Amino acid sequence: MKNKIRKIKKYTEIIRDCRWVNKREVGGILTCPCGYKEGHTPPPAEQMTPFNNGDLWGSGHDTHAWFTFTLPAAPANTYLKVETDRNGWDADNPQFIAYINGKMIQGLDTNHREVALPADEAAEVSLYAYVGPKLENARLFVSTMELCPATDALYYDIRYPLDMLDYLDKEGTEYAAIVDYLWRAVSMLDLYEVGSKEFIDSAERAHKFLESEFYGKYCTPQKATTVGIGHTHIDCAWLWTLKQTREKVQRSFSTVLELMRHYPEYKFMSSQAFLYQNLKEEAPEIYAEVAKRIKEGRWECEGAMWVEADCNLSSGESLVRQVLYAKNFFKDEFGVENRVLWLPDVFGYAAALPQILRKSGIDWFVTSKISWNDTDRMPFETFRWRGIDGSEINTHFLTAGDDRGGKTHDYCTYVGNTGAKMVQGTYRRYSQKSLNDEAILTFGYGDGGGGPTREHLELAKRGAKGVPGSPNLKIDFAGKYLDRLAKRMEERTDVPSWQGELYLEFHRGTYTSISKNKRNNRQSEFLYGNAELLGVTAELLLGKAFPKSELHRGWEMILTNQFHDIIPGSSIKEVYDQCDVDYAVIKGIGNGIVDSVREQIASKLDSKGGYVLFNPHSFTTEGMVNIGGTTVMSTEKIPSKGYLLTDSFIDKNDIVIDGRHVETERLSIAFDEYWQLVSVYDKKAEREVLRKGEVGNELRIHADYPDQYDAWEWQSYSREEYRTLREFSEVSVVNDGIRKGIKIVRPYMNSTINQTIWFYDSLCRIDFETLVDWHDTHKMLKAAFPVDINSSKATYEIQFGTVERPTHMNTSWDSARFEVCAHKYADLSDGGYGVALMNDCKYGHDIHDGVIQLSLLRSSTYPDPEADQGLIPFTYSLVPHENTLSETDVAKQAYYLNYPMVALAASADTSSLPESFSVLSLDKENVICETVKQAERSEDTVVRLYENANKRTRVSLKMGTPFKKAYLCDLMENALEELPMTDHAVSLTLSGFELVTVKFEK
C-alpha cells in the first residue's frame, strides 16, 4: 500500500508540472508610471518607454504603472501568465488589472496569475499595475503558455481523492478502494517521454478511466454535505487605503465574472454595499455584468451592512444606518432584499444587535471570528442569539477549516478552499449534525480580495461527485443554505440559545487603539444626530428643506470609517491620514447645517431676551453652557430637542480649594502629596467613595508588548504590571463660572499629561479634562479608581441599553473578559450606592475587584508606527450616586458630557419665532430619543427612541407641531400599524431596552 501511495504522489507531481506547455516570453512591452487612474485606457505608445521582461518596475511605495504589448493570434487554451518576484501573501504583493482588446477581463495577483486569451485572435493587452505600501518595486515576468486539457483534468481527478486519504481510516475499505483506483490510473501513464504525444494520450486515457469508473460508478451522493459558495473578503481598508479598495473590487469582481464564463456551475456571494458603489463609480461596465449575474441567480449580494462594521464601537444609530443604507442600496440597485447579516471577520458583537436585526427584517447573523477566541470555545455553531431586550436572531458560525494540521487547524476561516481536506474539515468541525447534515464553506482568497481560482472550481467539480468518506460538495447560495437550516430549526425543540453579547476573546486592544479616530467617530455620530434634529426643526419652524442629500453623503462617510479595521485602530498610517481628511469633510457638512439653523433661529428671537440655548437631547433640564468663555448654568429648564430664549443664569460657585483639600456642596475631596485623590467623601450619603488606603484617578502606565497583532492585542500579562505616574511639574487653581478646578501637569519620559480636575457645586461629579501630548511607544495608559463598593457585577452602557458583566474571574469565561467595551459610561453599584465613570470618546474598560479602570491610549507601532502620537484630548468624569444606576441621571449626564448644550445670542429686534420650542418631549426619562430625522423615502418625520433601564414603561411622545398621522415602524421605516394620536401625542408601551421607531405623516 505504501509503495502504491508513493507512486501515486510522485506521478501526480509529474502530471501537475505537465499541465502548462509551450511557454513563451513576451516581448515588445511598453511601460510608464502613472497615478490613480481616472479611466481604463493607457496613454499613447509615444508616452511610454520600452520594458525588458524581468526588469524592475515601481517608483516607490503605493504607486502605479501601465504595461502594454501585442500578442499574435494563438490557439485555444492559450493563457497569459503574469508573475513577479514577490510570491508571499497576496495582501503584500503587486496586483494588476488585465485589459484585452480594450476590455477589462480580470485581476491578477500572486494567487491569480493566468488569464485566458481569445482563441485565434490577436490581443492588445494592457496591464494596470499596483505596488502597495509595503513594497517599493518588483520584477515583472510576462509569458504565454498553453493549457493541456488532458493533464489538467487528470491532475484534479487525482488531487481531490488523494488529499481525502488523510481523513480516512487506513485500514478501511474506502481508503483501499481510493488508493486502488488512483494507482490504476497513474499506472496507465506512458512516462518514457514526459510531455510527448504518447504521454498526453495516456493521460487522456487515465482521465477517462477515473471519470468513468471512479467518479461515474464508485462515487455516489453522500448524506453529509458541505455547501460551498465562492467568496472574497475585501477589507475596505487595512494594509491599504480606501482608494486602493476601489481597485481591489474591480480586480476581484472582474475575476469572478471571467471564471463564470468558463464554469457555468460557479456561484459567488459578496457583501458590503460600499464595494458595489465603488464598482459602479469606477467600472460601470463590470457593474452591469454583476447586475446581470445577480438577476440570473449566480451572484448573491447579501450582507445587510454598508461595510462589515465594527459592532462594539459603532453607536446604536450607526448600526441602524449600516443596515438601512445597505438594504436600501441592494433593493434599489438589484431588487434584492437582504436577509443575512454577514460579518465573518468582525471583532465581537454587541448584545444590542439581535433587536436591531430583527426590526430591520434580518433573519440570520453569520460570522466565523468567534472561533478565534484565545481561551474558550463556543459550545455550538447554530443557535438563537438573544439580545438585551429578549429579541432573538438565528445565528450560525462558519466552520471552514482543515483539522488535519492546515493553517486553519485551530480556528475557522472565511477564506477557505475546495480541497478535500477543507471540505471534510468544515463538516467535521460542525458539531450539531443531529440538527443539520450540512455545513457551509466559503472558498476564495480574501482579506485583500482576489476570490476563487480555477483550481477551486476544478476541485469543486470533483467534490460534487460524492467521494466515499467525504461529504458532497454542493455549490449553493449561503441564503439558501440558511433557509434550509431555519426550517430544520423550526422542526426541533432542542435548538440552543445564547444570551447577551458575543464577546471575542481576542483583539481587546482595538477598544483603545488610534484615539483620534474613536473621538472623531463619537463626535460625528452626535453631530449628525443634532444636524438631523435641527434639519427637522428648520423644516417645521422655518419652512426650510431638509438637507437630505448632504446628510446622506456625510453618513456614508461615517459608516465607511466604521469598517472593522479602520475604527478599531488596526490599519496603516495612510488610512488614518485619509480619515483625518474624511472627518474634516464630515464635520464640515454637519457643522454647516447645525450652525446655519442655530443662527437663523437666533436671528429671529428678541435680543432683549438674552441667549438662545439649544438642547440636542430628549431631557428637559437646566443647561450648562459656555457663554463668553465662562461656564454658566441656566436657572430655567430647556425643552427637550428644542431651544429656550433666556437671560437667567448662575455664573458663580462657592467651591473652596484650600491647599490639597476641596469642598463643594456635595463632596469633600482630598489629595496626597502627588496630587492623587485619597478621599472623595459624599456629604449627603455620608460615605467615602474611594477604598481606604488607595488613590483615585491613578494614572497607570503599562508596558504593552503583545505576542502577536500589535495594534489589536491587549494581553492579560500586560495588565498585571504597571507603573503609577506620580510626578508633577505644575499645579494651579483655575476658576470658570459655576465650576472650579485644579490644573496638574505631569511629565512622563517623552510625553506630558495636562489635566484639569473640575468640581461643581450643583453636581455630584468630578471631571477630568485631559490633554495628553504623547511621544512614547508600546504603552497603555489607564485611569484607575478603587472604590468602596461591594458588587459581583458592573454595568456598562452599550448601544440602546446596558449590559452587566462579572467583576470577578471565577471561570475561564469571566477571566477572558479582562478588558471590555462600553460607550459613554460604566457603573459599579451595590444595593443603594454606586460610582459611575463617564467619558466623551473612550471605549476600553476594566472593572474588577472594586477597581474601575478606563483605557485612555495605546501607542502600538504596527501597522501604524505613529499610533497615538501627539495631542490626544479627552474628558472622563467620576459620578458618585445614591441608589442603583437605573434610579440616577447618569445616562442624562453622559449625553451632555458628550454633546453639550450651546448658547447663541439672540439678535432680532422682536421675536418672530416662539421663544421656547421643542420638536418632541417624553414624560419618562428612562425613555431616550436617539434620533429625529426625515424619512428616507418621504418627507415624513421619523423618531427613534429606546428604554434605558430595562423597565417596562408607558410613555407619552408629544410632538411640538401638528401631524396628520403616526405609525409604528420597523427600522427600515416601513409602517407596521397606525397609532392613535391626541393633541400631537402618541402613547407607547416599551419593554425593557426596547427600541421603537415612529413615523409622523404631515
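## Overall size

The radius of gyration is taken here over C-alpha atoms, and the rule for a globule is 2.2 Å times the number of residues to the power 0.38. For a chain of 1002 residues, that rule puts a compact globule near 30 Å; the protein chain has 32 Å, so the two agree. The structure is a predicted model.

Along its principal axes, the C-alpha trace of the protein chain spans about 100 × 60 × 60 Å. Its secondary structure comes to 18 helices and 56 strands. Of the 1002 residues, 64% are buried. Among contacts between residues at least 6 apart in sequence, 74% join residues that are at least 24 apart.

## An enclosed helix

Helix α6 covers residues 273-282, and eight of its 10 residues are buried, so this helix is largely enclosed by the rest of the structure. Buried here means under 20% relative accessible area. The buried residues of α6 are A273, F274, L275, Y276, Q277, N278, L279 and E282.

Several elements take part in covering these residues. They include the helices α5 (242-262), α7 (284-296), α8 (316-334) and α14 (548-560). The strands β13 (268-270) and β14 (299-301) are also among them.

## Two crossing helices

Helix α14, one of the elements covering the buried residues of α6, also packs against another helix, α15 (residues 573-602). The axes of α14 and α15 come within 9 Å and cross at roughly 145°. The crossing is left-handed.

On the α14 side, the contact is made by E550, L551, R553, G554, M557 and I558. On the α15 side, D582, V585, I586, I589 and I593 make the contact. By class, seven of the contact residues are nonpolar, one is polar and three are charged.

Note on methods. Residues numbered from 1 in each chain as written. Predicted model: local features only at pLDDT ≥ 70, side-chain atom pairs only at ≥ 80, totals over all residues. Heavy atoms only, no water. Buried < 20%, exposed > 50% of the residue type's maximum accessible area, 1.4 Å probe, protein only. Helix = DSSP H or I, 4+ residues; strand = E, 2+ residues; numbered from the N terminus. Contact = heavy atoms within 4.5 Å. Axes fitted to C-alpha atoms, helices over the stretch in contact; angles between N-to-C directions. Left-handed = near helix turned anticlockwise from the far one by under 90°. Nonpolar A, V, L, I, M, F, W, Y, C, P; charged D, E, K, R; others polar.
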